[in-house]
Amino acid sequence: GGRFLQGVSGSNENHPDLYDGSYLVNTTNAVVVTVNYRLGALGFLRTNDLDGNYGIQDQRMVLHWVQDHISNFGGDPTKVTLMGQSAGGTSVSVHLVSTLSKGLFHRAVILSNPLFLEMKTKDEAQKTGEYFSKQIGCADQSSACLRGKSVDDVLAAQGKASNHIEILHPVLLFYPFTPSVDAYAGEFSDQPMNLFFDGTVVNNVPVMAGHLLDEALMFVYGAVTSRMSITEYIAAVTLIFGPGNEHEIRKESPCPPLLKHGDDCRIEFSRLATDLVMNCVTRKAMRSLSKAGVGQGHLYRYQFSHAVSNSVSSAIWGDEYKYCWNKAVGG
């Protein structure tokens with residue numbers, strides 16, 4: 001996980017237990033392989049010369065490696081389960097609908113995938129690539145110029161490109177660099193969400209998919225650092241769902257004044273965002289796959305609602321993230 005911009009597999013000094021595979025190894029008969037792949041512009045930049053999707057190709061190379069070598073570690077190449085969280089869950093969705101990943105895995109576990117957030121089209125990816133190239137000093141977008149820049153130069157330009165999002169598409173701020181649809185022949189032909197809804201996944205394997213109860217809370221509070229008034233709530237709902245739809249949305253997710261947590265609509269907006277980006281879309285996707293006969297009757301959906309106590313929450317999150325206390329939140 002990490003929005004295709006950050007994160008690392010296994011343990012590190014910042015997240016010692018985040019993707020530690022030892023629990024699975026010690027409690028099951030599984031052989032666990034954790035994967036690093038290129039991120040941001042290094043992994044997903046598309047220009048006139050560059051096709052993008054390099055991060056997905058990295059992941060696929062690991063799947064090929066597993067097929068060729070996992071038996072040397074006691075693993076079974078005919079029983080590969082592909083599992084990912086957040087951007088990793090999005091990646092699993094991409095492999096499910098990609099012809100180039102066909103036959104490389106046999107089960108899929110999708111954790112906290114914001115399926116509603118679309119992957120970039122070729123045109124959208126190239127538009128981001130054009131802006132990135134100008135920022136890094138390669139207006140001609142030539143691969144020779146781009147490859148002559150340092151990683152620090154790439155990261156600086158990547159940061160500017162990540163924040164350069166059209167105002168009418170604010171959700172793209174979450175995924176500024178993504179795998180791109182049909183980046184080259186045979187990758188994937190449409191948005192994974194649309195292909196799931198159509199029941200046309202390429203890899204017909206058992207799937208487990210789900211998310212946390214308060215998944216979007218941390219992201220909403222991180223983006224809206226002070227209270228959200230009712231007026232701001234209505235404006236945000238109107239921007240996302242379009243004029244004329246805000247009244248219907250507010251019936252389902254109301255934010256009246258004088259709530260028990262005060263005149264602050266962030267709680268309601270967090271719940272709405274979780275429903276929009278993960279809950280409802282995942283439910284519809286799994287129902288559609290079930291109707292299409294995907295997974296041979298083995299499709300599972302979950303919602304994780306367990307929250308640790310306040311005392312444990314305070315130790316984990318600290319005062320800076322007090323709004324995460326006693327919540328099952330994403331991060």
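**Close-up views of a predicted model**

View 1. Leaving aside neighbours within four places in sequence, Ser-9 is in contact with Tyr-19, Thr-34, Val-35 and Asn-36, contact meaning heavy atoms within 4.5 Å. The model is predicted, so local features need pLDDT of at least 70 and side-chain atom pairs count only at pLDDT 80 or more, whereas totals for chains, interfaces and linings use all residues. Residues are numbered from 1 along each chain as its sequence is written, and side-chain values use heavy atoms, with hydrogens and water left out. Ser-9 is buried, with a relative accessible area of 16%; buried means under 20% relative accessible area, exposed over 50% and partly exposed in between, for a 1.4 Å probe and protein chains only. Helices (H or I, at least four residues) and strands (E, at least two) are DSSP runs, numbered from the N terminus.

**View 2. Asp-58 in helix 3.** Helix 3 comprises residues 54-69 and includes Asp-58. Asp-58 counts as buried at 17% relative accessibility. Residues up to four places away in sequence not being counted, Asp-58 touches Tyr-37 and Arg-38. The C-alpha atoms of Asp-58 and Ser-9 are separated by 13 Å, the two residues being 49 residues apart along the chain.

**View 3. Positive phi angles at Phe-4 and Gln-296.** Most residues other than glycine have a negative phi. Phe-4, although not a glycine, has a positive phi of about 60°. Phe-4 is placed in the segment before helix 1 (22-27) and counts as buried at 0% relative accessibility. Gln-296, likewise not a glycine, has a positive phi of about 50°; this residue lies in the loop between helix 12 and strand 4 (299-304).

**View 4. The kink in helix 12.** Helix 12 has 26 residues and reaches 36 Å from its first C-alpha to its last. This span is close to the 38 Å expected at 1.5 Å a residue, the expected span being 1.5 Å times one less than the number of residues. A kink of about 50° is centred on Asp-275, where the bend is the angle between axes fitted to the seven residues ending there and the seven starting there. Just after helix 12, Gly-293 takes a positive phi of about 80°.

**View 5. The largest cavity.** The structure holds three cavities of 30 Å³ or more, and the largest has a volume of about 90 Å³. Of the 13 residues that line the largest cavity, Ile-110, Asn-113, Leu-115, Ala-209 and Thr-282 are the closest to its centre. A cavity is a set of points, on a 1 Å grid over the protein atoms alone, where a 1.4 Å probe fits but cannot get out, and lining residues have an atom within 4 Å of a point. Grid points are joined across faces, edges and corners, and a volume is the space filled by probe spheres set on the points. Strand 3 (207-212) and helix 12 (266-291) each supply at least two lining residues. The lining divides into eight nonpolar, five polar and no charged residues; Ala, Val, Leu, Ile, Met, Phe, Trp, Tyr, Cys and Pro count as nonpolar, Asp, Glu, Lys and Arg as charged, and the others, Gly among them, as polar.

**View 6. The second largest cavity.** The second largest cavity has a volume of about 60 Å³. Its lining includes Thr-90, Ser-93, Asn-113, Glu-118 and Gln-191. Helix 4 (87-96) and helix 8 (192-198) are the elements that give two or more residues to this lining.

Terms used. 1 Å grid on protein atoms, 1.4 Å probe; cavity = no way out; pocket = protein on both sides within 12 Å on 5 of 7 lines; lining within 4 Å.
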